[in-house]
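I am opening a notebook page on this model and will write down each thing I look up.

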Amino acid sequence: MEAKVDFEELVAAHSRELYVDLWRLLGDDAEAQDALQDTYLRAWKGYEQLEADANTRAWLYAIAGNWARTLLQKRARGDGYSRDFIAALSDGRKGPGEQVAERERLIELHTAVMELPERQREAILMRKYQELEYAEIAAVLDCSEDSARANVYQGLKKLRQTLGEEVPV
C-alpha cells in the first residue's frame with residue numbers, strides 16, 4: 001500500500017495551478033485567493049478519509065471547482081464580467097484604439113465562456129488553461145474520459161458558433 005502524500009507537500013505542489021484555475025473561474029484575485037484557502041480548509045477536513053492511491057490533484061480540483069460554483073451562485077451578477085479578469089488579459093503595450101478593441105473582444109470571449117453550460121465551461125478551462133489530461137478532467141467532473149472529451153468539444157463548438165471560427169481559447 002502506498003503512503004499518502006503529506007498534506008503540506010500537497011499544498012505546495014498544487015497551490016499555484018489551483019489559484020490560477022480559481023482565478024479563471026472567478027475572475028477576481030482576492031476572491032480566488034480566499035477560495036484557495038477555503039479549498040484547502042475543506043481538503044484538510046476530508047484528508048484523513050482520502051485513499052493513499054487517490055488522484056490528489058483531481059481531488060483538489062473537484063473541491064476547488066465545487067467551491068467556485070458555490071461562490072458564483074452567491075455572487076451578484078452585476079455587469080456579467082470581472083474587470084480584474086479583463087484587465088489582466090489585456091496587453092498594455094498596445095495603443096489606445098487597439099486596447100479598446102482587444103478589451104471588447106476579451107469581454108465578448110469571457111461572456112461567451114461564462115454562458116456555456118457549467119460542465120462544458122469547466123472542462124474547457126481545465127483543458128485549455130490548466131492543460132489537464134482528459135482522465136484528470138473526468139475525475140474532477142466525475143464522468144468518463146469520453147464525456148470529458150465531449151464537454152470540451154461541445155463547448156468549443158458553441159464558442160465557435162457564438163464568436164466565429166477563430167476562438168482564441
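Which residues line the largest cavity? I find Asp21, Leu25, Tyr61, Gly65, Glu122, Met126 and Val140 along the lining. Before going on, I note that this is a predicted model, in which local features need pLDDT of at least 70 and side-chain atom pairs count only at pLDDT 80 or more, while totals for chains, interfaces and linings use all residues. Residues are numbered from 1 along each chain as its sequence is written, and side-chain values use heavy atoms, with hydrogens and water left out.

**Entry on the cavity.** I took a cavity to be a set of points, on a 1 Å grid over the protein atoms alone, where a 1.4 Å probe fits but cannot get out, with lining residues having an atom within 4 Å of a point. Grid points are joined across faces, edges and corners, and the volume is the space filled by probe spheres set on the points. The count is one cavity of 30 Å³ or more, and the largest cavity holds about 50 Å³ of space. Helix H1 (7-26), helix H3 (56-74) and helix H6 (118-129) are the elements that give two or more residues to its lining; helices here are DSSP runs (H or I, at least four residues), numbered from the N terminus. By class I listed four nonpolar, one polar and two charged residues in the lining, with Ala, Val, Leu, Ile, Met, Phe, Trp, Tyr, Cys and Pro as nonpolar, Asp, Glu, Lys and Arg as charged, and the others, Gly among them, as polar.

Leaving out residues up to four places away in sequence, I see Trp59 touching Leu10, Ala43, Gly46, Tyr47 and Leu50, where contact means heavy atoms within 4.5 Å.

**Entry on the rings.** I searched the whole structure and found four aromatic pairs, meaning rings of Phe, Tyr and Trp (its six-membered ring) with centres within 6.5 Å, stacked if the planes are under 30 degrees apart, edge-to-face if over 60 and tilted for the rest. The rings of Phe7 and Trp44 have centres 5.0 Å apart and planes at 70°, so I logged the pair as edge-to-face. Because Phe7 lies in helix H1 and Trp44 in helix H2, this pair ties together parts that are 37 residues apart in sequence. Phe7 also pairs edge-to-face with Tyr47, at 5.2 Å centre to centre and 70° between the planes. Phe7 counts as buried at 11% relative accessibility, buried meaning under 20% relative accessible area, exposed over 50% and partly exposed in between (1.4 Å probe, protein chains only).

How values were computed:
1 Å grid on protein atoms, 1.4 Å probe; cavity = no way out; pocket = protein on both sides within 12 Å on 5 of 7 lines; lining within 4 Å.
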